[in-house]
Amino acid sequence: MFLTLFGLVLAVAVICFVMGRSRAVAVSGTQFSALHSLPSYHGWWMVLMAAGPAFAVLVLWSLISPYLLRPMMLSQFAPQLAEFSAAQLDGFWRDIQAIAGGGMPGVRDAFREEAAAAYQSTSRMSLIGMVTLMIALGAAGFYFGWNAIAVNFRARHRVETAVKVFLAGSATVAILTTVGIVMSLLFESLRFFTMVSPLDFLFGTTWTPQQMAFRADQVGGTAAFGFIPLLTGTLLITFIAMMVAAPLGILAAIYLSDYASPQVRAVGKPVLELLAGIPTVVYGFFAALTVAPFIRNSGQAMGLDVSSESALAAGVVMGIMIVPFVSSLSDDVISAVPQSLRDGSAGLGATKSETIRRVVLPAALPGIVSALVLAVSRAMGETMIVVMAAGMAANLTLNPLEAVTTITVQIGTLLTGDQEFDSPKTLAAFGLGLSLFVITLSLNLVALRVVNKYREQYD
Amino acid sequence: MNSLPSFETTAATSAVPAAAVHPKITGRNVNVFYGEKHAIKDVNVDIPERSVMAFIGPSGCGKSTFLRCINRMNDTISICRVTGDIRIDERDIYDRSLDVVQLRARVGMVFQKPNPFPKSIYENVAYGPRIHGLVKSKSELDEVVETALTKASLWNEVKDRLQESGTGLSGGQQQRLCIARAIAVSPEVILMDEPCSALDPIATAKIEELIDELKQNFTIVIVTHSMQQAARVSQRTAFFHLGVLVEEGTTDQIFTNPVDTRTRDYITGRFG
């Protein structure tokens, strides 16, 4: 239904555009240049006036009406539903929607049939109401817009304003979504922290949520929610990854921007960026099947005790994965350093590498640091490689040869399969998510401070 | 490099008397190619020591290209090819055994647009002495920086803010900082590629005054679009046109009594 109406609005918009444009031509008479705005702006003006409100009604109504319909129906049948629990109400609501829509309801009885019929008539009323409103607003808008078109009418400015509003709206949606995610993270975490003490979470050194009993009558072990082992695991793997990615990425970027011939650069850069296109799961099995055994075998040859899943394997492969993030962004900022600075340095008798070390890199530092921060965030958020190559055991260790686990992996495990959303075991995921968010955010802030302190600004 | 023994210049310039007994820089049959393009054609020139030589000519005539041959800045352009013979103190600067890094330490350059490094004023001047290891101690470096800034008549303006960024200075100060940066390496020659084209008249006047002082210690070659500037600061002037050195002589002679009609037309504003 929505799509049909949407198509109709679109068709109306096209017609309005054509009509508006030709009316503008008509009112200008023979003096085409007398028009304040080009005819197409008058066309857009008509689209905005006639189709705009109708479209807004369509979207808003479709989004809001389910939330209005449900309490309406439930209050209509309040006496019969008095004893229903929240879950049963949900079921009832799904059933009548299914009956009304011709689907497969869970329970079908006379009461639900009646409720479904009532639901159907109400939603039909709602639809008729919506379409009437759309037509009324569209017609009014059309009438107003049509009469406004004149030689002196500033359609161009009106359209420009509409563009601005539209852009601001898009930005608002993006910002509100972020705020919403952070808020939900915050509130769910607060619920978690009412069940598990924040101190136990932040300073506990054992992580065993899977020991938790599923039901009250089940005998479970003691679940512990200390996130220190996860934090060290995350930091250890991220550190190893950055030890690989930062030097490789930056050196590759320097080569590509300052040493490579244009031909090499034209091939090398896309190939390097191709690394970023490989799915992480592919890196994961590469890590688990090739790198991890290699590290274990060479470790054993040296007489070291290496587990078959190790932080080192995951970290190294992850480092390779994020090389393109570092190199591509660094290459852009290094290339952006003005040639005049390079010339100035060369003119004083500096060699190429002196110029790069003393002039180009300091000038490109802010960009390089932000590339590194982005890479760290990426490494911290990576899950698949760790699951496959570093394991799931929450060991509290700084030994890169042992199996460790990370925050993201544990979030994944906690939320996989059938879960209840009121047990600390599940809610722990939000606590972990929040801590990850705080870590990444503080990292960004620190990086920003560092950059502002040491930046060498060129113009 | 094929060096020709002939010290005679081309027909147009042969009438000009030799610049000095001992020219600092000599160019003989210099040709420059950018890929297929023949940018400089058989240029012969003598540049006298401790004086100012100006290169003038319309845009694209090759004067900047020739200037950049003198410290081999054209080396950084891969399609650029230089033939002929350029000597400083009778030493071929395109000789294989010559280290381009040392050449550029002896031949400093000031660019069209002021290009101070995004570092402090002090670090800008200290850059050259540091990379060439010219000083042994911090106090010695301080001295070099002060001397260079003084010679560039910038010391009084910046002595209290040496640690502030060089990019925060005004355009004219930035250009004098770039001159100080070049002087700090104690070069013998300073090449200036339209050093005042991005500056206002007052800053330009200061730079010109500075150039006049610097010629006591340095050999200066300046490319300029302003004929008044060439007349004000230089002792000798060379006029380039379409890659050819049309005429070279004392500045007085070039501006009051040019031999070639092209020079006369350019100087009187008939073309260019």
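Me: What makes two strands count as paired?
Reply: Two strands pair if DSSP finds at least two bridges between them. Strands themselves are DSSP runs of E with at least two residues, and helices are runs of H or I with at least four, both numbered from the N terminus. This is a predicted model, in which local features need pLDDT of at least 70, side-chain atom pairs count only at pLDDT 80 or more, and totals for chains, interfaces and linings use all residues. Residues are numbered from 1 along each chain as its sequence is written, and chains are lettered from A and ligands numbered from 1 in the order in which they are written.

Me: Which strands form the open sheet of chain B, and in what order?
Reply: Six strands of chain B form it, in the order β6-β7-β8-β3-β9-β10, with mixed pairing. β6 (107-110) and β10 of chain B each have a single partner strand, so they stand at the edges, with one side lacking a neighbour in the sheet. Neighbouring strands are turned by 15° against each other on average, direction ignored.

Me: How do you know that β7(B) and β8(B) pair?
Reply: β7 (residues 189-193) and β8 (residues 219-223) of chain B share five bridges, in the parallel sense. At least two are required.

Me: What joins β9(B) to β10(B)?
Reply: Six bridges join strand β9 (residues 236-241) of chain B to β10(B), and the two run antiparallel. B:Ala238 stands opposite B:Glu248 in β10(B). The hairpin has two residues between the strands, and B:Leu242 takes a positive phi near 50° there.

Me: Why is β10(B) called largely enclosed?
Reply: A residue is buried if 20 or more other C-beta atoms lie within 10 Å of its own, exposed if 12 or fewer, and partly exposed in between, with C-beta atoms placed from the backbone. Five of the seven residues of β10 (residues 244-250) of chain B are buried, so the rest of the structure largely encloses the strand.

Me: Why is B:Arg50 called partly exposed?
Reply: B:Arg50 has 15 other C-beta atoms within 10 Å. That count falls between the limits for exposed and buried. B:Arg50 is in the loop between β2 (37-48) and β3 (52-56) of chain B. Its phi is positive, about 45°, although it is not a glycine.

Me: What makes B:Ser186 partly exposed?
Reply: B:Ser186 has 18 other C-beta atoms within 10 Å. It lies in the loop between α6 and β7 of chain B. B:Ser186 also has a positive phi, about 50°, although it is not a glycine.

Me: What span is expected of α4(A)?
Reply: The expected span is 1.5 Å times one less than the number of residues. Helix α4 (residues 86-101) of chain A has 16 residues and reaches 23 Å from its first C-alpha to its last, close to the expected 22 Å. A:Gly102 follows α4(A), with a positive phi near 80°.

Terms used. Axes are lines fitted to C-alpha atoms, for helices over the stretch in contact, and angles run from 0 to 180 degrees between N-to-C directions.
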